[in-house]
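Let's take a walk through this model together. Keep the viewer open and follow along.

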Amino acid sequence: MLRLQAFKYELIPNGRQERLMRRFAGSCRYVYNKALVLQKERHEKGGKKLGYAGLCRLLTEWRHSEETAWLAKEASGEW
């Protein structure tokens, strides 16, 4: 007889960990939305979608620009 078992876990972060998780989630949301807008603009102009490698190159550019330099800190965990 096959027995299925499940485990349930709960994260209970302290204040600093919660702030770091929120900051990380916010930066992920920012990058996702920025890439989504870019892809929509390309589609509307009749261009092809950027693939994984193209989006990775853009993310690197965004991390190195002065406007979004905070992305580099978030990616390296320097907070």
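This is a predicted model: local features need pLDDT of at least 70, side-chain atom pairs count only at pLDDT 80 or more; totals for chains, interfaces and linings use all residues.

Residues are numbered from 1 along each chain as its sequence is written, and side-chain values use heavy atoms, with hydrogens and water left out.

Start with α1, which covers residues 15-44. Helices here are DSSP runs (H or I, at least four residues), numbered from the N terminus. α1 has 30 residues and spans 43 Å from its first C-alpha to its last, close to the 44 Å expected at 1.5 Å a residue; that expected span is 1.5 Å times one less than the number of residues. Arg-16 itself sits in α1 and is partly exposed, at 48% relative accessible area.

Next comes α2, residues 52-64, whose 13 residues reach 19 Å from first C-alpha to last, close to the expected 18 Å. Which of its residues are buried? Gly-54, Leu-58 and Trp-62 are. Looking down the axis of α2, the buried residues fall within an arc of 80°, so they line one face of the helix; the arc is taken from the directions from the helix axis to the C-beta atoms. The background is simple: an α-helix has 3.6 residues a turn, so residues three or four places apart point the same way. Tyr-52, Arg-57 and His-64 are exposed on the other side of α2.

Now for the aromatics. Rings of Phe, Tyr and Trp (its six-membered ring) pair if their centres lie within 6.5 Å; planes under 30 degrees apart count as stacked, over 60 as edge-to-face and the rest as tilted. The count by this rule is one aromatic pair. Tyr-30 and Trp-70 make up that edge-to-face pair, at 5.1 Å centre to centre with 65° between the planes. Because Tyr-30 lies in α1 and Trp-70 in α3 (residues 70-76), the pair ties together parts that are 40 residues apart in sequence. Tyr-30 is partly exposed at 29% relative accessibility, and Trp-70 is partly exposed too, at 34%.

Ser-27 also belongs to α1, and with 6% relative accessibility it counts as buried. Leaving aside neighbours within four places in sequence, Ser-27 is in contact (heavy atoms within 4.5 Å) with Trp-70, Leu-71 and Glu-74. Ser-27 and Trp-70 are 43 residues apart in sequence, and 8.7 Å apart C-alpha to C-alpha. A polar atom of the Ser-27 side chain also lies 2.8 Å from the backbone oxygen of Phe-24.

In the loop between α2 and α3 you'll find Thr-68, buried at 2% relative accessible area. Its side chain joins that of Ser-65 in a polar contact of 2.9 Å. Not counting residues up to four places away in sequence, Thr-68 touches Tyr-30, Trp-62 and Arg-63.

Finally, how many disulfides are there? Taking a disulfide as a pair of cysteine sulfur atoms within 2.5 Å, the count is zero. The sulfur of Cys-28 is 13 Å from the closest cysteine sulfur, in Cys-56, which is too far for a bond. Cys-28 is partly exposed at 37% relative accessibility, and Cys-56 is partly exposed at 30%.

Conventions
Helices (H or I, at least four residues) and strands (E, at least two) are DSSP runs, numbered from the N terminus. Buried means under 20% relative accessible area, exposed over 50%, partly exposed in between (1.4 Å probe, protein chains only). A polar contact is a pair of N or O atoms within 3.5 Å; within protein, one must be able to donate a hydrogen and the other to accept it, and residues adjacent in sequence count only if both atoms are side-chain atoms.
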